[in-house]
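Dear colleague,

I am handing over the structure below, and after it you will find my notes on what turned up when I went through it. Please keep it open while you read, so that you can follow each residue as it is named.

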Amino acid sequence: IADVKGGASEGLEWLGKELAIRGWVRTCRVQSSVTFIEVNDGSCLSNMQCVMTPDAEGHDQVELGTVTTGASVLVEGVVVSSQGAKQKVELKVARLVMIGKCDPLTYPIQKKRASREFLRSIAHLRPRTNTFGSVTRVRNALAYATHKFFQENGFVWISSPIITASDCEGAGEQFCVTTLMSNAHESNDCPISTIPTTKDGKVDWSQDFFGKPAFLTVSGQLNAETYASSLSDVYTFGPTFRAENSNTSRHLAEFWMIEPELAFADLNDDMACATAYLQYVVKFVLENCKEDMDFFNTWIEKGIIDRLNNVAEKNFVQLTYSDAIELLLRAKRKFDFPVKWGLDLQSEHERYITEIAFGGRPVIIRDYPKEIKAFYMRQNDDGKTVAAMDLLVPRVGELIGGSQREERLDYLEARLDELNLNKENYWWYLDLRRFGSVPHAGFGLGFERLVQFATGIENIRDAIPFPRTPGSAEF
Ligand code: 4AD
Ligand code: MG
C-alpha cells in the first residue's frame, strides 16, 4: 500500500494496474449494491479502499458477514480513480480471499478510540491501531537513521555484552542474573534453602554459572571505551536494563541505548556530535515519515512538526551547571525539590529550563559537580566539577547523558578510592589508561526517549513494543 499511495501522485501512476494486497480489514461498510472495505497492511498509515460489487469472486464472504474489522484478507483487483474525497485511487476488487476470520464480538480493537492504558493491556494487538503503527514505523526510521549517521561518519558499531559483572553507573540499579534460582519458576518453591552458602553464611557465588555475581548491563559504555581505544570512533546500539523503581512516564526497566564513544576527543567534540546526531535523525524522520508525522501533528501533539523543524535548524543552548542553578534560583516559580549547588537537577527543573527559560529549545548543561556524577568522568581543573553534559529537551527532559572520560590513570585511581570502589574489579578498565591512553568522550541516548521526543507520545511505555516496568513483564 505504501508503494501505491506513498508517491507524489498518491497512486495515480498505478491507474489500470493489477494489484494484490494482503492485510487486515480496518472497516467494512456494506451498501445495497457495493461494499467498501478498508484494508491496511502496515506499510503505511493509509488504508487501501477496496470496492467490491456482488459479481466479484469471494463476495459470499461479505454476504456471510465475515469481512469484519481485524480479519486478514487477500484482495486482488485493478487500481481505479476514486470518487471519494479522502483518496485519489482505490482498488476495484476482482477477488477476495478470507485468510483469517476475526470474531467481532470478542475482538478487543473496535473503531472507537481506546485509551492508551487499555491498549497496554493488549500489547500484542495494539500495533493494529493507527497510533502504534505510526510509532513503530517512526521508531524503525530512527533506528535506521542512527546507523546511517554513525556509519556515514566513520563510526564502527560494537555489540556490547548484555550480561556483565560491572556496574557502569555505580547506581546499584542492576538486575541480577543467576542460575541459583533457575528452578524456582517451575516448582514455585522458595529456593532460598537450596542456595549454596559459604561457611560465614554468604551466598557462594563460586557455585553459580558465572562464578561471581553477574547482572544485566545498565550501559555498554565501559566496553565501548575499550574498542574506542583501538578502532577510534565506535558506537553501541542495544538493550540496557535498570531496576530503578520509578513509575514515571520516562523510565523503563528495559530500554535501548545508543552510546557513541569518540577517541581523541573532548567534551566540546562530544556535544558537537550529540547535536549533529540529533539534528540528523530529526530531519530524517521529517523527510521520510511525512504521513506518520502529520498524524502525530494532528492527533498526538499539535505543532510537533514546527518544533522538530526548529530543533533541526537552530543551535542548541549551552550553559554550565552553575549557571543553570543561578537561573533556577532567579526563577519566579516555586519548585517542589530544592535548588542548591551540589544537588542534582530534578525533572521539574530540567523542564523549566528547556520549556520556559529557553522556549522549547534543546539545552545542553555541562560541568556538573563530581559528587552527583559517575566515577569515570574527567575531573575539571577546578577540582569540584567534571566534564559531563546532559542534553535536555522539552517534555522528555534528559534525552542524553555524556561526558569526557578520565583518561589519566592517577586521577581515575584516586577517584575510585574516594568512592570506596574496589580497583581490582576495574583492572581491565584501568589497563586502558596504562597502555596508550587517549582523551576520549561519549554519550548515551535513551532510544525510547528519542521516540517520545520525535512522535510526541506522552508515555515511554508507548514508545517501545513491549514495555518492561515495575510489576509488568507480560507478553
Ligand atoms: O545518563 P545515563 O545514566 O548515562 C549512561 O548510562 C552513560 N554510561 C552513557 C554514556 O556516556 N555512554 O543514561 C543515558 C540515557 C539517559 O540520558 C536517558 O535518555 C536514558 O539513557 N535512560 C533511560 N531511558 C529509559 N528508561 C530509563 N530507566 C533510563 N535511564 C536512562
Ligand atoms: Mg543521566
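**An enclosed helix, and what lies around it**

Helix α14 is largely enclosed by the rest of the structure, because 9 of its 9 residues are buried. The buried residues in α14 include F447, R449, L450, F453 and A454, and just after the helix comes G456, which takes a positive phi of about 85 degrees. Please bear in mind throughout that this is a predicted model.

**The chain as a whole**

The protein chain comes to 14 helices and 16 strands, and its C-alpha atoms fill a box of roughly 85 × 60 × 45 Å, taken along the principal axes. Of the 475 residues in the chain, 37% are buried. If you look at contacts between residues at least 6 apart in sequence, 68% of them join residues that are at least 24 apart.

The chain is divided into domain 1, which covers 2-100, and domain 2, which is made of 131-178 together with 213-462. The C-alpha centres of these two domains lie 45 Å apart, and the contact between them takes 4 residues from domain 1 and 5 residues from domain 2. On the side of domain 1 that touches domain 2, there are 2 nonpolar residues, 2 polar residues and no charged ones.

In soluble globular proteins, nonpolar side chains tend to be buried together. In this model the largest nonpolar core has 76 residues, and those with the most contacts inside it are L399 and A454. Helix α7, residues 267-288, gives the largest share of this core, namely 9 residues. A second, separate core has 24 residues, with C44, V67, V79 and L91 among them.

Which residues does L399 touch, once its neighbours within four places in sequence are left aside? L399 is in contact with L391, L392 and V393, and also with L445, G446, R449, L450 and F453.

**Around ligand 1**

Ligand 1 is surrounded by 24 residues, and the closest of them are S219, Q221, G401, G444 and G446. The elements that give two or more residues to this shell are the strands β11 (254-263), β15 (397-404) and β16 (440-446), together with α14 (447-455). Strand β15 provides the largest share of the shell, 6 residues. By class, the shell divides into 8 nonpolar, 9 polar and 7 charged residues.

One residue in β16 that I would ask you to look at is G442. Is G442 buried or exposed? G442 counts as buried, because it has 26 C-beta neighbours inside 10 Å, and the cut-off for a buried residue is 20 or more. Leaving aside neighbours within four places in sequence, G442 is in contact with Q221, A224, E259, P260, E261, L262, D270 and G402. Among these partners is Q221, which is also one of the residues closest to ligand 1. By contrast, G442 and M52 are 390 residues apart in sequence and 57 Å apart in space, taken from C-alpha to C-alpha.

Strands of a sheet pair through backbone hydrogen bonds, either parallel or antiparallel. Here, an open sheet of 3 strands has the order β7-β9-β8, and its pairing is antiparallel. The edge strands are β7 (163-164) and β8 (176-177), each of which pairs on one side only. Strand β7 pairs with β9, residues 214-216, over 2 bridges, and within this pairing T164 has F215 of β9 as its bridge partner.

**Two residues with positive phi**

Finally, S232 has a phi near 65 degrees, which is a positive value in a residue other than glycine, and S232 sits in the loop between α6 (221-231) and β10 (234-241). F475 likewise is not a glycine and has a positive phi, of about 70 degrees, and F475 is found in the segment after α14. How do their surroundings compare? S232 is partly exposed, with 17 other C-beta atoms within 10 Å, whereas F475 is exposed, with 12 such atoms within 10 Å.

With best wishes

How values were computed: Residues are numbered from 1 along each chain as its sequence is written. Chains are lettered from A and ligands numbered from 1 in the order in which they are written. This is a predicted model: local features need pLDDT of at least 70, side-chain atom pairs count only at pLDDT 80 or more; totals for chains, interfaces and linings use all residues. A residue is near a molecule or strand if its C-beta atom, placed from the backbone, lies within 6 Å of it. Helices (H or I, at least four residues) and strands (E, at least two) are DSSP runs, numbered from the N terminus. Ala, Val, Leu, Ile, Met, Phe, Trp, Tyr, Cys and Pro count as nonpolar, Asp, Glu, Lys and Arg as charged, and the others, Gly among them, as polar. Two strands pair if DSSP finds at least two bridges between them. Domain bounds come from an automatic or database domain assignment. Two residues are in contact if their C-beta atoms, placed from the backbone, lie within 7 Å. A nonpolar core is a set of buried Ala, Val, Leu, Ile, Met, Phe, Trp, Tyr and Cys residues joined through C-beta atoms within 7 Å.
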